[in-house]
Amino acid sequence: MKLGLGKIRDALKGSPEQEKEEEEKQKPGQKPGQKPEMGKEEEIGNRDADQEEINAEERGEEERGQEGQGEGISMEKPESHIRTARRFQPKEGKTGLIFFPAFDWAISPTHPEREERLLYTRDQIFEEGLMDLPQIAEYKPRLAEFKDIARVHFCVPDIEAQATVPHLISAGSSLVLADALMKGEVKNAFSLTRPPGHHAMRVAHGNRGFCNINNEAILVEYLRRKYGIRKIAIIDTDVHHGDGTQEIFYHDPDVLFISFHQDGRTIFPGTGFMNELGGPKALGRTINIPLPPATPDEGILHILDKLVLPILEDFKPELILNSAGQDNHYTDPLANMRFSAQGYALLNEKLAPDIAVLEGGYAIETALPYVNTGIILAMAGLDYSHVREPDYSPGMFVQAKRDRQVLDEIIRTQLENWKNRDFLVEEAVSDLGDFYRRKKNIFYDTDMIQESQEESVRMCPDCLGYMTIDSQAQHGHSGAKIFAVSVPIYACEKCQKEAIEEYRDRVQDIKYDYVYLQDKKADVYKSYNTRTRQETVL
């Protein structure tokens, strides 16, 4: 099946004059038409420093690793070939890719999140020969382990109830690519899989926003546990606010979460406003960019250049992850934006994510084949200029002057919040006692569940503090009441001990149906059924 992208092969091959020129530049043993080594070309978004800075970074990584060991975290020492920071990205290499369309899973036969969602994309990338390009390395998916899920979620009543085999494969695919990236087998990677995950929160009573478990958050905790990566940036480019990812890392200053999305006053989930800046110890590490409906390429790329990239440059993450939603496209049936395949490809080229993970996008014929092709080519460092929708022409969407003023105000406000983040944290913490508490009401639109939740965070002077969650779900006339305790990976021993005692006390309380312990410091995860008095340990 051809979808109007037949010029891609020609673009990759180049003109006859270019081919002749390439032949003259060939090295011994180089195949005709093969691209020369990319190490001589400047990589967009590359932030390599001089050798002195690199050596300083290496010393810093060693010191941080020793600090982590002092806190009692058991991690294998990374092998010499494993890179531990974005600074050491290879300038040349392949783009890792996993394609898993989950043809055996759908919310319903007519639901937007169904088997056919990636059908046209599959036909496009295979028939255009993208998987056969020397710049692409295809990997096979695997199932995420229950422990990978438990590092992030409290699944009610258990993981099996919330994560089907396709969910485990979708989450596991990004872990396969993370291993390939960290071992230096690829320069970057794209997990082109479903089901999506960025609306799934820490507590999972069911499906909300088409999501049961959060693939991006599972990836972050995997990278932390296995490779000791600490500072990570997540850039969510889905048209819907990534409220699940935001909620999971809301109190974590080492995870920078940036989401640009259609204004929550006009679209699900109705959140993602500029005053949502993070918890008391992580203020300014959540940056929301609510875009006016009908924002085109020009507006989104303006936000990227003037706000997102400067903050990333200042934050200096070890890795950049992209929640690569594609429903900002101008033909998407669930949104009202005006982004094109060319815009998506350029955004990816500028952002230069280490790993991109597919999220939403429901224009299965008119958008996904083009957008995914553009992203793959951009990540591989190949020409994507011929990737265009049949009905698209440059300049067909223009940024409204009024909306440009809105975007400039967003840039000004969020740059100010970022600049003052440490002051905001200091001021917030000084006004709190031993605990920070907030109440939330969460609606699961897919499963029609209403959850009421109270979250408490220990304001520890020595670490981020442990968290407790008291949650009650209502689904018709039934629903589970649970109590959950979460210990962060870099918690102090005092907080870890207090959290374990909290868990032991709550398992005796019969008002709860289930009690959970998520001890990331020890990498131990427990769930207790108060009715059967059975405890499960991972």
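Mentor: We'll chat about a few residues and the peptide bonds in this model.
Mentor: This is a predicted model, so local features need pLDDT of at least 70, side-chain atom pairs count only at pLDDT 80 or more, and totals for chains, interfaces and linings use all residues. Residues are numbered from 1 along each chain as its sequence is written, and side-chain values use heavy atoms, with hydrogens and water left out.
Trainee: Okay! Where does Thr 286 lie?
Mentor: Thr 286 is in strand β8, residues 286-291. Strands (E, at least two residues) and helices (H or I, at least four) are DSSP runs, numbered from the N terminus.
Trainee: And is Thr 286 buried or exposed?
Mentor: Thr 286 is buried, because its relative accessibility is 2%. Buried means under 20% relative accessible area, exposed over 50%, and partly exposed in between (1.4 Å probe, protein chains only).
Trainee: Which residues is Thr 286 in contact with, leaving aside neighbours within four places in sequence?
Mentor: Among them are Gln 246, Tyr 250 and Phe 257. Contact means heavy atoms within 4.5 Å.
Trainee: New topic: what kind of peptide bond joins Val 156 and Pro 157?
Mentor: That bond is cis, with omega about -5°. Pro 157 sits in the loop between β3 (154-155) and α6 (159-162).
Trainee: And what about phi of Met 448?
Mentor: Met 448 has a positive phi of about 55°, although it is not a glycine. Met 448 is in the loop between β11 (435-444) and β12 (449-458), and it counts as exposed because its relative accessible area is 52%.
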